[in-house]
Amino acid sequence: MSTPEACPMADPYWAFYWPGGQAMTRFILDHRKTFGGKHVIDFGAGCGSASIAASLVGASRVLVNDIDQYALLATLLNFRLNGVSVNNVSFSQENLLEKDLVVKNFFAESDEEKFIILGDMFYDSDFAASLFAFLKRSQKSSGTRVFVGDPDRHPLTEKRSLESYRTKFEKRLVAEYSLPGYVIREHYGFNTAKVFELVF
Amino acid sequence: MRILVGVKRVVDYAVKVRVKPDKSGVVTEGVQHSMNPFDEIALEEAVKLKEKKLATEVVAFSLGGPKSAEILRTALAKGADKAVHVQVSEAEAAKVEPLHVAQALQKLLEKDKFDLVFVGKQAIDDDASQTAPLLAGLLDWPQALYASKVEEGGAGFLKVTREIDGGLDTVKVKLPAVLSADLRLNEPRYATLPNIMKAKKKPLQNIPIKDLGVEIKSQTSILEVSEPPQREAGGFVEDVPALVNKLKEKGFVKN
């Protein structure tokens, strides 16, 4: 078995198909009508599975976003491996938390419902706090709907974390999926992953 | 069910320990340390209980010097949700005894509600085996020590199989309770890259021991630590008659 120290890249988040990303991806595939014809931003896309799902169900535009360039490359490769066209897909390495305009401009092209999807992005409560503020701004300015796939990591479940956020929101459970055995074995401590809609 | 798991930083099991020249203890400087293997087993079982949805949260606890934080990070990478580090100085760390750990745990449990405290049956450095029973005594909670199997035991209970000299003892223990893990309970998992990556940001709370009002006052004093007696080299014999002769010569066999 190769050890974590042997990994040549720093924190290769894109190298894993995280439980939250799996739930988000499954949810999109199961809700073709919700996402078909819509503009979707995949925030922190990682391996890009949710972006691929959004393209597959006919999203009119998909913005694949990740601050790690390897994630964008991995996503492009995964589109190809899955035989999915990238004609309606754009890639962005911007830190969107500081680029509200990028989000606004992307959504300005569409009169339909707009979505920001996040698979397994909530693993650090400090980062979560700034993420919630960003999502709220986007919801207020563009009317964005926010969907989150997560296996109940602490920033979304722990009372102390939830109470610490200055941005308040409602977390609506919309789906819960059992994780396959190999995923449970790979990601310790979880056996289901949920999809929430966040309303600010 | 919320589970608090005690994990101790000890000299790694694979290290050949050396006694200090003044016989006051063993050399710990510059020596590889890791999580006490029996605590790893307790942690593994707690994470399994969470995966089975019997537990809602697993919190790792360690009382020790600054480096105990590394052990807690490992515990988080192995599936604990949170960690609590009760901090003592490097000098105090060498003097910590099971009673101090039990007292610190008792104080923590007064502030934060847990249904189960799970520790290894013993630590491989001092082999004291006292933390779990001392804690159960201080709290007046039931205990199930040397667990080799932990199962659901009906509402508010666990069914625990214990390894004892005569065989296996199965007990139903009422929660809240104190458990200790025996070797055959499970095989602990490794901390893999995805778990290490997402564990980096899990909450690790630091509590100086004085905030708990526990004083590290020695209950025992070490008189001497010495190496086990050296075994003398043996010899080979050509055949069975030679062996018999040798045994007679040494007086092990009568003529």
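## A bridge between the chains

Lys200(B) pairs up with Asp11(A) in a salt bridge, with 2.8 Å between the closest N and O atoms; the term covers a side-chain nitrogen of Lys or Arg within 4 Å of a carboxyl oxygen of Asp or Glu. Asp11(A) sits in the segment before helix 1 (19-30) of chain A, while Lys200(B) is in the loop between helix 6 and strand 11 (204-208) of chain B. Helices (H or I, at least four residues) and strands (E, at least two) are DSSP runs, numbered from the N terminus.

Between chain B and chain A the count is 4 salt bridges, and over all chains the structure holds 30.

## What we're looking at

This is a predicted model, where local features need pLDDT of at least 70 and side-chain atom pairs count only at pLDDT 80 or more, while totals for chains, interfaces and linings use all residues. Residues are numbered from 1 along each chain as its sequence is written, chains are lettered from A in the order in which they are written, and side-chain values use heavy atoms, with hydrogens and water left out.

## How chain B meets chain A

On the chain B side, 24 residues are in contact (heavy atoms within 4.5 Å) with 24 residues of chain A. Together the two chains bury about 2200 Å², 58% of it on carbon and sulfur atoms; buried area is the accessible area (1.4 Å probe) that two parts lose on being put together, summed over both. Of the area that chain B buries against chain A, 32% comes from Glu51(B), Met197(B) and Lys198(B), more than from any other three residues.

There are also 12 residue pairs in polar contact between chain B and chain A, both residues at pLDDT 80 or more. Helix 1 (37-51) and helix 6 (193-199) of chain B each put at least two residues into the side that touches chain A, and helix 6 gives the most, with 6 residues. A polar contact here is a pair of N or O atoms within 3.5 Å; within protein, one must be able to donate a hydrogen and the other to accept it, and residues adjacent in sequence count only if both atoms are side-chain atoms.

## An aromatic pair in chain A

Phe43(A) and Phe134(A) form a tilted aromatic pair, 5.6 Å centre to centre with 40 degrees between the planes. Ring centres of Phe, Tyr and Trp (its six-membered ring) must lie within 6.5 Å to pair; planes under 30 degrees apart count as stacked, over 60 as edge-to-face and the rest as tilted. Phe43(A) lies in strand 1 (residues 39-43) and Phe134(A) in helix 6 (residues 125-142) of chain A, so the pair ties together parts that are 91 residues apart in sequence.
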